[in-house]
Amino acid sequence: RCPAEYIYELVKTEQFVMEYLKPKQAVTGRVILQLHGGGYIGPMKNIYRRFAVKYSQISFGADVLTPDYRVAPEHPYPAALEDAVYAYRWLLEEKKYQPSQIVVAGDSAGGGLALALCLYAKDHGLPLPAGIITMSPWTDVSLSGASYEENYTIDPLFGNSKENMLYQCSYIGNANPKNPYLSPLFGDFEGFPPMLIQVGSYEMLLSDSVDVAAKARGQGVKVRLSIYDGMFHIFQMAAKMLPESRKAWVEIGKFIEILLRE
């Protein structure tokens, strides 16, 4: 249920639906574009509606747009990217947000999609947002990082099995897994806005964060990489139970505050 202090709007496009959350009282001129996770096969879930409220609260009343983008196997690459680009253009062209007022955020596949969106924007002459927030981003669908082996036995979500969405990624379709729009790790981050990357030390996807952070820093991007010891994939979902999760959300709030102050 939408909290009483918010207005909840469904924005229907030809291909998919977007959920637009706005505070009733605050008009900040800021917006978070949230790209949800789910391995490119999971649609919008209630946890992301709670995330939307959380993002608004920690950004002092920003609006939040969450596209329920098309997912595989019915809609393989580049469907999710096309829908993310549509949502970003909608904020720029329909809602008239300035790029400096937009923060793109995403978790897991949504984190990879956030980076892919910004790579696409840079390549196609679209202005880049003020900043990027990613939680355990899946930046390499070719699974080439060292942590896929090093953390294989300790990852509580994906470990000890290859019968999961990481190894059976139907979103790739016939595309090259190392295409930067699928695996942003192989892209060029020069000119990107500041990035916050959060990840757990037990994750098989740890390398996806560490390697992107190192590459982006090497290309002159401001990057804050936070590795939370002993944490699992998208531990931020456990905000009411884990102190590490609460700490992560505080960190996100401070990152947004600094971004929008500059």
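Let me start with what helix H3 packs against. In this predicted model, the buried residues of H3 touch strands E3 (31-35), E5 (102-107), E6 (131-135) and E7 (195-200), along with helices H2 (79-94) and H5 (206-218). H3 itself covers residues 109-123. Twelve of its 15 residues are buried, so the helix is mostly covered. Among those buried residues are Ala109, Gly110, Gly111 and Gly112 at one end, and then Leu113, Leu115, Leu117, Cys118 and Ala121.

The 15 residues of H3, at 1.5 Å a residue, should span 21 Å, and the end C-alpha atoms are 21 Å apart, which agrees. After H3 comes Gly125, with a positive phi near 75°.

The buried residues of H2 include Ala79, Leu81, Asp83, Val85, Tyr88, Trp90 and Leu92. They are covered by elements including E1, E2, E3, E4, E5 and H3. H2 is followed by Lys96, and the phi of Lys96 is also positive, near 60°.

Now the sheet. In what order do the strands of the open sheet stand? The order is E1-E2-E4-E3-E5-E6-E7-E8, eight strands in total, and the pairing is mixed. On average, neighbouring strands are turned by 15° against each other, ignoring direction. As background, strands of a sheet pair through backbone hydrogen bonds, in either a parallel or an antiparallel way.

E1 (residues 6-12) and E2 are joined by seven bridges and run antiparallel. One of the pairs is Glu9 with Tyr20 of E2. The two strands form a hairpin, with four residues between them. On to E4 (residues 63-68): E2 and E4 pair in the antiparallel sense over five bridges. There, Val17 has Asp68 in E4 as its bridge partner.

For the parallel kind, look at E3 and E5, which pair over five bridges. Val31 has Ile102 as its bridge partner in E5.

Is strand E2 enclosed or open to the outside? Five of the seven residues of E2 (residues 17-23) are buried, so the rest of the structure largely encloses this strand. Further along the sheet, H5 lies across E7 and E8, and it runs at about 155° to E8.

Next, the nonpolar core. The largest one has 60 residues, and Leu33, Trp138, Tyr171, Phe192 and Met195 have the most contacts inside it. Two or more residues come from each of E2, E3, H2, E5, H3, E7 and H5. Apart from this core lies another, of 25 residues, with Ala62, Ile133, Trp249 and Phe255 among them.

Which residues does Trp138 contact, leaving aside neighbours within four places in sequence? They include Gly39, Tyr40, Ala109, Gly112, Tyr148, Met165, Cys169, Leu205 and Asp208.

Asp140 sits in the loop between E6 and helix H4 (147-150). Is Asp140 buried or exposed? Its relative accessibility is 1%, and the cut-off for buried is under 20%, so Asp140 counts as buried. Beyond neighbours within four places in sequence, Asp140 is in contact with Gly145, Tyr148, Ser183, Leu185, Phe186 and Asp208. The C-alpha atoms of Asp140 and Ser209 are separated by 9.5 Å, although the two residues are 69 apart along the chain.

Last, the chain as a whole. The secondary structure comes to six helices and eight strands. Along the sequence the pattern is β-β-β-α-β-α-β-α-β-α-β-α-β-α. The radius of gyration is 17 Å, close to the 18 Å that the globule rule gives for 262 residues, so the chain is as compact as a globular protein of that length. The C-alpha trace spans about 50 × 40 × 40 Å along its principal axes. Buried residues make up 56% of the chain. Of the contacts with a separation of 6 or more, 75% are between residues 24 or more positions apart.

Note on methods:
Residues are numbered from 1 along each chain as its sequence is written. This is a predicted model: local features need pLDDT of at least 70, side-chain atom pairs count only at pLDDT 80 or more; totals for chains, interfaces and linings use all residues. Side-chain values use heavy atoms; hydrogens and water are left out. The expected span of a helix is 1.5 Å times one less than its number of residues. Buried means under 20% relative accessible area, exposed over 50%, partly exposed in between (1.4 Å probe, protein chains only). Contact means heavy atoms within 4.5 Å. Two strands pair if DSSP finds at least two bridges between them. A nonpolar core is a set of buried Ala, Val, Leu, Ile, Met, Phe, Trp, Tyr and Cys residues joined through side-chain atoms within 4.5 Å. Axes are lines fitted to C-alpha atoms, for helices over the stretch in contact, and angles run from 0 to 180 degrees between N-to-C directions. The radius of gyration is taken over C-alpha atoms; the globule rule is 2.2 Å times the number of residues to the power 0.38.
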